[in-house]
Amino acid sequence: MPFPDELERKLEVLEYQPQWPADFDRIAELLRGALGPAAVRIDHVGSTSVPGLPAKDCIDIQVIVPVLDEDELVAALGTIGFRCRPESWNRDDTYDGTPYAKLVFAPPVGGRSCNIHVRAVGTPNARRMLLFRDFLRANETVRDAWGAFKTRLSESVPDLFGYGQIKQPATVVLFEAAELWARTTYWTPGEGI
């Protein structure tokens with residue numbers, strides 16, 4: 001469930017917005033200041049990180065840390081107003097039946113809509129976020145089909161929870177295609193993962 005200040009936000013999938021990378025840069029700079037060297041890597045991920053892809057106007061950022069220490073992360077990100085999301089689905093990602101820990105932080109009250117996904121270095125869920133982004137950046141046909149699906153879904157399902165529940169099984173299929181692409185192109189996530 002969103003925080004009370006987020007309840008008024010309308011679910012809307014927009015055409016790609018050219019300012020999204022600059023929005024990411026501003027938030028990433030705040031995160032770097034709060035986390036210092038604990039942030040091994042900060043990446044723009046999710047749909048707003050893919051040029052040409054329609055998306056909700058919410059910047060997704062992945063922060064890779066050496067160890068997922070909730071107390072330290074809550075304290076550090078709390079200094080700049082970010083709030084740890086309490087929902088169970090914001091506590092782990094499950095792949096092939098194995099849960100991998102994560103924490104997701106909401107923006108400060110009144111801040112730019114964003115989700116800060118914090119994962120530990122070397123985990124499959126950290127890799128998958130980058131794979132998702134790079135796969136969609138490299139495949140215009142898949143990107144356009146995914147964008148059309150999300151746009152139609154947002155027009156027929158008015159609430160964020162329902163939208164996410166329906167989108168999840170399609171995301172699993174997309175990840176399978178991305179894994180095949182990664183194997184055939186020898187894709188790697190680069191340094192820091």
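**Exercise 1. Find where Leu 77 sits, and decide whether it is buried or exposed.**

Step 1: Leu 77 belongs to helix 2, which covers residues 70–78. Helices here are DSSP runs of H or I with at least four residues, strands are runs of E with at least two, and both are numbered from the N terminus.

Before going on, a quick note on the model: it is predicted, so local features need pLDDT of at least 70 and side-chain atom pairs count only at pLDDT 80 or more, while totals for chains, interfaces and linings use all residues. Residues are numbered from 1 along each chain as its sequence is written, and side-chain values use heavy atoms, with hydrogens and water left out.

Step 2: Look at accessibility. Buried means under 20% relative accessible area, exposed means over 50%, and partly exposed is in between (1.4 Å probe, protein chains only). Leu 77 has a relative accessible area of 0%, so Leu 77 is buried.

Step 3: Contact means heavy atoms within 4.5 Å. Not counting residues up to four places away in sequence, Leu 77 touches Leu 31, Ala 34, Leu 35, Phe 82 and Phe 105. Take Phe 105: Leu 77 and Phe 105 are 28 residues apart in sequence, and their C-alpha atoms are 8.3 Å apart in space.

**Exercise 2. Describe how helix 4 and helix 5 pack.**

Step 1: Know what to look for. Two packed helices are described by the angle between their axes and the distance between the axes. Axes are lines fitted to C-alpha atoms, for helices over the stretch in contact, and angles run from 0 to 180 degrees between N-to-C directions.

Step 2: Read off the values. Helix 4 (residues 140–156) and helix 5 (residues 160–185) pack at about 165°, with axes 10 Å apart. That makes helix 4 roughly antiparallel to helix 5. The cut-offs: under 35 degrees is roughly parallel, over 145 roughly antiparallel, 65 to 115 roughly perpendicular, and the rest oblique.

Step 3: Name the residues. On the helix 4 side, Trp 146, Phe 149 and Leu 153 are among those in contact, and on the helix 5 side Tyr 163, Ile 166 and Leu 174 are among them. By class, this contact of helix 4 with helix 5 has 8 nonpolar, 2 polar and 2 charged residues. (Ala, Val, Leu, Ile, Met, Phe, Trp, Tyr, Cys and Pro count as nonpolar, Asp, Glu, Lys and Arg as charged, and the others, Gly among them, as polar.)

**Exercise 3. Now bring in helix 3: how does helix 3 cross helix 5, and how does helix 3 cross helix 4?**

Step 1: Helix 3 (residues 124–138) and helix 5 have axes that come within 9 Å and cross at roughly 80°. Helix 3 and helix 5 are therefore roughly perpendicular to each other. Their contact divides into 11 nonpolar, no polar and 5 charged residues.

Step 2: The axes of helix 3 and helix 4 come within 5 Å and cross at roughly 110°, which makes helix 3 roughly perpendicular to helix 4. Here the residues divide into 6 nonpolar, no polar and 2 charged.
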